[in-house]
Amino acid sequence: MKKKIIYIIILTALVSSLITVFVYWLINQPKVNCSNNKIIGNGDIKYEIKEITYNIPSFSLSTQGLYFSPIIKETIENLQTYEILADTSDDIYIYHNSYKGIKVKDIIELLGYNDYNKIIFKSNNGLQVTYLREDITDDIFFVFEKDDIKYPKDKEVNLLNPLLSSSYNINNIKTIYFE
(Lines give C-alpha, C1' and ligand atoms only; values in the text may rest on other atoms or scores of the structure.)
Protein backbone atom coordinates (compact mmCIF):
# COMPACT_ATOMS: atom_id res chain seq x y z
CA MET A 1 0.00 0.00 0.00
CA LYS A 2 2.82 2.42 0.91
CA LYS A 3 4.65 1.62 -2.35
CA LYS A 4 1.52 2.39 -4.35
CA ILE A 5 1.13 5.80 -2.65
CA ILE A 6 4.80 6.62 -3.25
CA TYR A 7 4.47 5.68 -6.95
CA ILE A 8 1.38 7.89 -7.29
CA ILE A 9 3.18 10.84 -5.64
CA ILE A 10 6.24 10.41 -7.88
CA LEU A 11 4.06 10.04 -11.01
CA THR A 12 2.04 13.15 -10.08
CA ALA A 13 5.22 15.19 -9.51
CA LEU A 14 6.65 14.00 -12.84
CA VAL A 15 3.49 14.85 -14.79
CA SER A 16 3.27 18.24 -13.09
CA SER A 17 6.90 19.01 -13.95
CA LEU A 18 6.39 18.01 -17.60
CA ILE A 19 3.29 20.21 -17.88
CA THR A 20 5.19 23.17 -16.36
CA VAL A 21 8.11 22.74 -18.77
CA PHE A 22 5.75 22.41 -21.75
CA VAL A 23 3.78 25.57 -20.83
CA TYR A 24 7.03 27.53 -20.34
CA TRP A 25 8.29 26.31 -23.73
CA LEU A 26 4.97 27.18 -25.40
CA ILE A 27 4.87 30.73 -23.98
CA ASN A 28 8.46 31.50 -25.00
CA GLN A 29 8.24 30.30 -28.61
CA PRO A 30 9.42 32.88 -31.16
CA LYS A 31 6.65 34.34 -33.30
CA VAL A 32 6.51 33.16 -36.88
CA ASN A 33 6.06 35.29 -39.98
CA CYS A 34 3.12 33.60 -41.68
CA SER A 35 3.89 34.95 -45.14
CA ASN A 36 7.08 32.94 -45.51
CA ASN A 37 7.43 31.01 -42.23
CA LYS A 38 10.61 32.87 -41.35
CA ILE A 39 11.31 33.41 -37.66
CA ILE A 40 11.34 37.14 -36.88
CA GLY A 41 12.04 37.11 -33.16
CA ASN A 42 10.09 37.55 -29.96
CA GLY A 43 7.67 40.36 -30.79
CA ASP A 44 10.05 42.76 -32.55
CA ILE A 45 7.76 44.92 -34.65
CA LYS A 46 9.54 46.82 -37.41
CA TYR A 47 8.37 49.04 -40.20
CA GLU A 48 9.78 51.29 -42.87
CA ILE A 49 8.16 54.22 -44.67
CA LYS A 50 9.00 55.26 -48.23
CA GLU A 51 7.62 58.32 -50.00
CA ILE A 52 6.04 57.23 -53.27
CA THR A 53 3.87 58.55 -56.06
CA TYR A 54 0.53 56.76 -55.79
CA ASN A 55 -2.84 57.39 -57.39
CA ILE A 56 -5.31 57.26 -54.51
CA PRO A 57 -8.51 55.44 -55.47
CA SER A 58 -11.87 57.19 -55.16
CA PHE A 59 -13.30 56.96 -51.65
CA SER A 60 -15.52 58.80 -49.23
CA LEU A 61 -15.33 59.05 -45.44
CA SER A 62 -17.92 60.92 -43.43
CA THR A 63 -16.98 63.01 -40.42
CA GLN A 64 -19.22 63.55 -37.42
CA GLY A 65 -19.08 65.29 -34.08
CA LEU A 66 -17.20 68.59 -34.28
CA TYR A 67 -16.74 68.46 -38.08
CA PHE A 68 -19.19 67.49 -40.81
CA SER A 69 -17.37 67.69 -44.13
CA PRO A 70 -16.69 64.43 -46.01
CA ILE A 71 -13.14 63.39 -46.75
CA ILE A 72 -12.82 62.38 -50.40
CA LYS A 73 -10.02 61.65 -52.85
CA GLU A 74 -10.14 65.11 -54.42
CA THR A 75 -9.63 66.77 -51.03
CA ILE A 76 -6.40 64.93 -50.20
CA GLU A 77 -4.94 63.74 -53.50
CA ASN A 78 -2.08 66.27 -53.35
CA LEU A 79 -0.80 64.97 -50.00
CA GLN A 80 2.35 62.86 -49.87
CA THR A 81 1.64 59.14 -50.25
CA TYR A 82 3.69 56.38 -48.66
CA GLU A 83 4.56 52.75 -48.95
CA ILE A 84 4.64 51.21 -45.50
CA LEU A 85 6.61 47.97 -45.16
CA ALA A 86 5.44 46.64 -41.82
CA ASP A 87 5.74 43.65 -39.56
CA THR A 88 2.36 43.72 -37.83
CA SER A 89 1.28 41.46 -35.01
CA ASP A 90 -2.01 40.03 -33.82
CA ASP A 91 -0.29 39.15 -30.51
CA ILE A 92 0.21 35.59 -31.77
CA TYR A 93 1.92 35.88 -35.15
CA ILE A 94 3.91 38.52 -36.99
CA TYR A 95 2.90 39.27 -40.57
CA HIS A 96 5.09 41.09 -43.11
CA ASN A 97 3.04 43.23 -45.48
CA SER A 98 3.35 46.22 -47.77
CA TYR A 99 0.71 48.96 -47.62
CA LYS A 100 0.10 52.15 -49.60
CA GLY A 101 -1.57 55.13 -47.99
CA ILE A 102 -1.52 58.57 -46.37
CA LYS A 103 -0.73 59.74 -42.86
CA VAL A 104 -3.89 60.50 -40.89
CA LYS A 105 -2.10 63.41 -39.22
CA ASP A 106 -1.45 65.04 -42.62
CA ILE A 107 -5.15 64.82 -43.54
CA ILE A 108 -6.25 66.35 -40.23
CA GLU A 109 -3.74 69.20 -40.61
CA LEU A 110 -4.77 69.83 -44.24
CA LEU A 111 -8.44 70.09 -43.28
CA GLY A 112 -7.65 72.35 -40.30
CA TYR A 113 -9.29 70.08 -37.74
CA ASN A 114 -7.63 71.43 -34.60
CA ASP A 115 -10.29 71.60 -31.89
CA TYR A 116 -10.77 68.00 -30.84
CA ASN A 117 -9.75 65.85 -27.88
CA LYS A 118 -10.16 62.42 -29.44
CA ILE A 119 -11.01 60.72 -32.70
CA ILE A 120 -13.12 57.60 -33.06
CA PHE A 121 -12.60 55.65 -36.29
CA LYS A 122 -15.70 53.56 -37.07
CA SER A 123 -16.01 50.77 -39.59
CA ASN A 124 -19.12 49.57 -41.41
CA ASN A 125 -19.10 46.29 -39.50
CA GLY A 126 -19.38 47.95 -36.07
CA LEU A 127 -15.73 47.97 -35.00
CA GLN A 128 -14.23 51.20 -33.74
CA VAL A 129 -10.90 52.45 -32.45
CA THR A 130 -10.40 55.59 -30.36
CA TYR A 131 -7.26 57.73 -30.34
CA LEU A 132 -6.62 60.72 -28.12
CA ARG A 133 -5.42 63.84 -29.91
CA GLU A 134 -1.85 63.42 -28.61
CA ASP A 135 -1.79 59.84 -29.92
CA ILE A 136 -2.35 60.90 -33.55
CA THR A 137 1.26 60.65 -34.71
CA ASP A 138 3.08 60.09 -37.99
CA ASP A 139 2.69 56.34 -37.37
CA ILE A 140 -1.04 56.16 -38.18
CA PHE A 141 -2.13 55.74 -41.79
CA PHE A 142 -5.20 55.44 -43.96
CA VAL A 143 -4.26 52.66 -46.36
CA PHE A 144 -5.88 51.85 -49.68
CA GLU A 145 -3.81 48.87 -50.78
CA LYS A 146 -2.13 45.86 -49.17
CA ASP A 147 0.54 43.76 -50.90
CA ASP A 148 -0.18 45.43 -54.27
CA ILE A 149 -3.89 44.57 -54.10
CA LYS A 150 -6.33 47.49 -53.86
CA TYR A 151 -9.10 47.06 -51.34
CA PRO A 152 -12.53 46.41 -52.84
CA LYS A 153 -14.95 49.33 -53.23
CA ASP A 154 -16.95 48.40 -50.12
CA LYS A 155 -13.79 48.23 -47.94
CA GLU A 156 -11.71 50.93 -49.57
CA VAL A 157 -10.08 52.64 -46.57
CA ASN A 158 -8.37 50.86 -43.69
CA LEU A 159 -6.59 52.18 -40.60
CA LEU A 160 -3.00 51.03 -39.98
CA ASN A 161 -0.82 51.66 -36.94
CA PRO A 162 2.18 49.31 -37.32
CA LEU A 163 3.42 50.08 -33.78
CA LEU A 164 0.35 48.59 -32.09
CA SER A 165 -1.34 45.23 -32.13
CA SER A 166 -3.44 44.50 -35.19
CA SER A 167 -6.53 45.00 -33.04
CA TYR A 168 -5.94 48.76 -33.51
CA ASN A 169 -5.92 48.34 -37.30
CA ILE A 170 -9.47 48.20 -38.56
CA ASN A 171 -10.85 47.63 -42.03
CA ASN A 172 -13.62 49.34 -43.91
CA ILE A 173 -13.55 52.76 -42.22
CA LYS A 174 -16.63 54.78 -43.10
CA THR A 175 -16.96 57.38 -40.33
CA ILE A 176 -14.55 59.48 -38.31
CA TYR A 177 -16.06 60.98 -35.17
CA PHE A 178 -14.32 64.01 -33.63
CA GLU A 179 -15.00 64.86 -29.97
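In strand β6, A86 is the bridge partner of Y47. The exercises below start from this pair and concern a predicted model.

**Exercise 1. Strand β6 and its neighbours**

Task: Which strands pair with β6, and in which sense?

Solution: 
- Step 1. Begin with Y47, whose bridge partner in β6 is A86. Strand β3 covers residues 47–52, and β3 pairs with β6 in the antiparallel sense over six bridges.
- Step 2. Take T88 next, which stands opposite Y95 in β7. Strand β7, residues 94–103, runs antiparallel to β6, and eight bridges join the two.
- Step 3. Recall the general rule: strands of a sheet pair through backbone hydrogen bonds, either parallel or antiparallel. For β6, the pairing with β3 is antiparallel, and so is the pairing with β7.

**Exercise 2. The two faces of β6**

Task: Are the residues on each face of β6 buried or exposed?

Solution: 
- Step 1. In a regular strand the side chains alternate between the two faces of the sheet.
- Step 2. On one side of β6 lie T81, E83, L85, D87 and S89; on the other lie Y82, I84, A86 and T88.
- Step 3. The cut-off for buried is under 20% relative accessible area. The residues on both sides are all buried, and the count for residues 81–89 is nine of nine.

**Exercise 3. Positive phi angles**

Task: D147 and N172 have a positive phi. Where does each lie, and is each buried, partly exposed or exposed?

Solution: 
- Step 1. Most residues other than glycine have a negative phi. D147 is not a glycine, yet its phi is about 50 degrees; N172 is not a glycine either, and its phi is about 60 degrees.
- Step 2. The loop between β10 (141–146) and β11 (149–150) holds D147. The loop between β12 (158–160) and β13 (173–178) holds N172.
- Step 3. D147 has a relative accessible area of 34%, so it is partly exposed. N172 has 8% and therefore counts as buried.

**Exercise 4. A pocket and a cavity**

Solution: 
- Step 1. The largest pocket holds about 250 Å³ of space. Its lining has 15 residues, and the closest to its centre are Y99, K146, Y151, N169 and N171.
- Step 2. Strands β7, β10 and β12 each give at least two residues to the pocket lining. By class, this lining has eight nonpolar, six polar and one charged residues.
- Step 3. The largest cavity has a volume of about 50 Å³. Its lining includes I71, Y113 and F142.
- Step 4. α3 (104–111), β8 and β13 each supply at least two residues of the cavity lining, and α3 gives the most, with four.
- Step 5. By class, the cavity lining has eleven nonpolar, no polar and no charged residues.

Conventions. Residues are numbered from 1 along each chain as its sequence is written. This is a predicted model: local features need pLDDT of at least 70, side-chain atom pairs count only at pLDDT 80 or more; totals for chains, interfaces and linings use all residues. Side-chain values use heavy atoms; hydrogens and water are left out. Buried means under 20% relative accessible area, exposed over 50%, partly exposed in between (1.4 Å probe, protein chains only). Two strands pair if DSSP finds at least two bridges between them. On a 1 Å grid over the protein atoms alone, a cavity is a set of points where a 1.4 Å probe fits but cannot get out, and a pocket is an open set with protein on both sides within 12 Å along at least five of seven lines; lining residues have an atom within 4 Å of a point. Grid points are joined across faces, edges and corners, and a volume is the space filled by probe spheres set on the points. Ala, Val, Leu, Ile, Met, Phe, Trp, Tyr, Cys and Pro count as nonpolar, Asp, Glu, Lys and Arg as charged, and the others, Gly among them, as polar.
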